[in-house]
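Keep the 3D view open while you read.

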Amino acid sequence: MQLMARNIIAQLSGVPVWTEVTAELTELADQSGCVEHYRWLSYLLLFILDLAVCLVACVGLAKRSRCLLALMLCCGLLAVILSWASLAADTAAAVGTSDFCTAPDTFILNITEGRLSKEVTRYYLYCNQSVSSPFQQVLTVFQRSLTTMQIQVAGLLQFAVPVFPTAEKDLLSIQLLLNSSESSLHQLTALLDCRGLHKDYLDALTGICYDGIEGLLYLGLFSLLAALAFSTMIRAGLLAWKHFTTRDRYYDDIDDDDPFNPQARRIAAYIPPRGPLHSFCSYSSSLDSQTSLQPPAQTVSNAPVSEYMNQAVLFGGNPRYENTPLIGRGSPPPTYSPSMRATYLSVADEPLRHYRNEFPA
């Protein structure tokens, strides 16, 4: 029984101890989880940045704000750089993973060389009927030795106890130890079986080579579309900036007093109203003060004035009377009150009558 116990110990010492490999795999799993956590967080922040840039762009274009537009351009440029960097990282990861998935068994055989025997590695990688278990001989010797010792202990209990009653206690403890050893043998056989580890290996390959590469492709597509979208947005922002600059320059060339200038209307909303301006000619002035107007240098015809008054009556219902003659300002012909119009025409026709009296036809 002592020889058989020593033989079992010698056989079990040949079973490889994978303490270092287990520690490396655990560390690799922890590192993969940490990388995935930061990858998820970085893409979440990038998505939030994209939404914020789009919101700033919409508000800036709606309000025609240069500050918001400049902020959008800066953040959009940052988003474009991050999107291209993300696309590069996703492409590199997808290419590396594709190379691994082309021949994963060869890769694992190469990295485990020198730590595990090729027979053990192949047994767990392939796990088919053509590959025999490298632990079969060890387990068979263990099982046979245990069976032989159990038979011997059972014979001693049957024949030696009546002769040596004091040996019964030791023999029962040995039999209990052999039974626990047999239970441990069954557990060891189940742990060394390739089916459980091979199933985990196939699940890992499916997750990496199918779901992992598909996820990387979707992330790369998202990064590419985001980079193109923000490049287009930056281009549109530059055109909008140029349009705002040209529009402001055009308004700078317009007179500030022009009532048709939109900037003047916006400024007028913040300027308190002035007191009434006194015109140099009004209805209530006497005929002498009205006739004191100097005649214009050019002859003014009655047709545009009458036509403008007719149009004013047609579109507005009532003509808009103005008490200030707009002479020489290049503005549209105004509509005067009837008394003002008669006075203005009489003053304008006086040089003509004087000319006709001095030089009759």
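Predicted model: local features only at pLDDT ≥ 70, side-chain atom pairs only at ≥ 80, totals over all residues.

**Charged pairs**

Side chains of opposite charge can pair when their charged atoms come close. How many salt bridges does the structure hold? There are three, and here they are:

| Pair | N to O distance |
|---|---|
| Arg39 and Glu36 | 2.5 Å |
| Arg195 and Asp193 | 2.6 Å |
| Lys199 and Asp203 | 3.3 Å |

Let's begin with Arg39 and Glu36. Both sit in helix H2, three residues apart, so about one helical turn lies between them. How open are they to the outside? Arg39 has a relative accessibility of 27%, so it counts as partly exposed. Glu36 comes in at 40%, which also makes it partly exposed.

Now look at Lys199 and Asp203. This pair belongs to helix H8, and with four residues from one to the other, the separation is again about one helical turn. Asp203 has a relative accessible area of 44%, so call it partly exposed.

Is Arg195 buried or exposed? Its relative accessibility is 61%, and because anything over 50% counts as exposed, Arg195 is labelled exposed.

**A serine tucked away**

Stay with helix H8, which runs over residues 194-252, and find Ser223 in it. Why is Ser223 called buried? Its relative accessible area is 0%, and the label applies because the cut-off for buried is under 20%. Which residues does Ser223 touch, if you skip its neighbours within four places in sequence? The contacts are Tyr43, Ser83, Ser86, Leu87 and Asp90.

**Two positive phi angles**

Next, a bit of backbone. Most residues other than glycine have a negative phi. Against that background, Arg64 is worth a look: its phi is positive, near 55°, and it isn't a glycine. You'll find Arg64 in the loop between helix H2 (19-63) and helix H3 (66-102). With 46% relative accessibility, Arg64 counts as partly exposed.

Where does Cys127 lie? Look in the loop between helix H5 (118-126) and helix H6 (136-159). Cys127 isn't a glycine either, yet its phi is positive, at about 50°.

Notes. Residues numbered from 1 in each chain as written. Heavy atoms only, no water. Buried < 20%, exposed > 50% of the residue type's maximum accessible area, 1.4 Å probe, protein only. Contact = heavy atoms within 4.5 Å. Salt bridge = Lys/Arg side-chain N within 4 Å of Asp/Glu carboxyl O.
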